[in-house]
Amino acid sequence: MRIDFSAPLHHVNGTPLALEINEDGTVKTPATLGGVAMAAVMAPKVVDGQAQPASGQEALRALSLSLRIFEAQGPLDITPEDAVYLRERIAEHWTLPIVVGRAWKMLEA
């Protein structure tokens with residue numbers, strides 16, 4: 001499946017979501033699917049409030065996928081398994097339904 005990880009995420013009213021906001025309230029860092037996905041896979045899994053160590057295999061998968069997303073010059077081909085992995089990690093990491101919902105929609109086959 002081909003995914004554009006540079007695509008921005010938007011509020012329900014169409015305004016861009018922000019990962020960072022300037023002091024004047026303007027968007028400093030817009031939320032993109034790639035930014036949301038990379039933050040989710042590079043963060044540790046948390047169980048009962050405790051960060052869990054990643055296995056070597058899990059760490060390598062997270063790093064490899066993050067590098068592919070970061071280095072992409074356009075839409076990126078990912079496997080359905082990678083899409084499922086990204087959806088799971090995004091749901092674990094992000095708490096805002098708008099972020100999770102928008103990202104999940106963008107990662108549908």
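Ser-66 sits in helix H2, which covers residues 56-71; helices here are DSSP runs of type H or I with at least four residues, strands are runs of type E with at least two, and both are numbered from the N terminus. Keep in mind that this is a predicted model, where local features need pLDDT of at least 70, side-chain atom pairs count only at pLDDT 80 or more, and totals for chains, interfaces and linings use all residues. Residues are numbered from 1 along each chain as its sequence is written, and side-chain values use heavy atoms, with hydrogens and water left out.

**Ser-66 and its surroundings**

- Ser-66 has a relative accessible area of 6%, so it counts as buried (buried is under 20% relative accessible area, exposed is over 50%, and partly exposed is in between, using a 1.4 Å probe and protein chains only).
- If you skip the neighbours within four places in sequence, Ser-66 is in contact with Met-38, Val-41 and Met-42 (contact means heavy atoms within 4.5 Å).
- Gly-35 is 31 residues away from Ser-66 along the chain, yet their C-alpha atoms are separated by 9.3 Å.

**Where H2 meets H3**

- The axes of H2 and H3 come within 12 Å and cross at roughly 100° (axes are lines fitted to C-alpha atoms, for helices over the stretch in contact, and angles run from 0 to 180 degrees between N-to-C directions).
- H2 and H3 are therefore roughly perpendicular to each other (that label goes with 65 to 115 degrees, while under 35 is roughly parallel, over 145 is roughly antiparallel and the rest is oblique).
- On the H2 side you'll find Glu-58, Arg-61, Ala-62, Leu-65 and Arg-68, and they meet Glu-81, Asp-82, Tyr-85, Leu-86 and Arg-89 in H3.
- Sorted by class, this H2 and H3 contact has four nonpolar, no polar and six charged residues (Ala, Val, Leu, Ile, Met, Phe, Trp, Tyr, Cys and Pro count as nonpolar, Asp, Glu, Lys and Arg as charged, and the others, Gly among them, as polar).
- Asp-82 belongs to helix H3, and it is buried, with a relative accessible area of 13%.
- Leaving out neighbours within four places in sequence, Asp-82 touches Arg-61, Leu-65 and Arg-68.

- H3 has 14 residues and reaches 20 Å from its first C-alpha to its last, close to the 20 Å expected at 1.5 Å a residue (the expected span is 1.5 Å times one less than the number of residues).
- Its buried residues are Asp-82, Ala-83, Tyr-85, Leu-86, Arg-87, Arg-89 and Ile-90, and what covers them includes helix H1 (33-42), strand E4 (45-47), H2 and H4.
- The axes of H3 (residues 80-93) and H4 (residues 97-106) come within 9 Å and cross at roughly 175°, which means that H3 is roughly antiparallel to H4.
- Arg-87, Ile-90 and Ala-91 of H3 make this contact with Val-100, Ala-103 and Trp-104 of H4, a set with five nonpolar, no polar and one charged residue.

**Strands and loops**

- Strands E2 (residues 18-21) and E3 (residues 27-30) pair in the antiparallel sense over three bridges (two strands pair if DSSP finds at least two bridges between them).
- Ala-18 has Pro-30 in E3 as its bridge partner, and Ile-21 stands opposite Val-27 in E3.
- The hairpin of E2 and E3 has five residues between the strands, and Gly-25 there takes a positive phi near 90°.
- Asp-48 lies in the loop between E4 and strand E5 (50-52), and it has a positive phi of about 50° although it is not a glycine.
- At 77% relative accessibility, Asp-48 counts as exposed.
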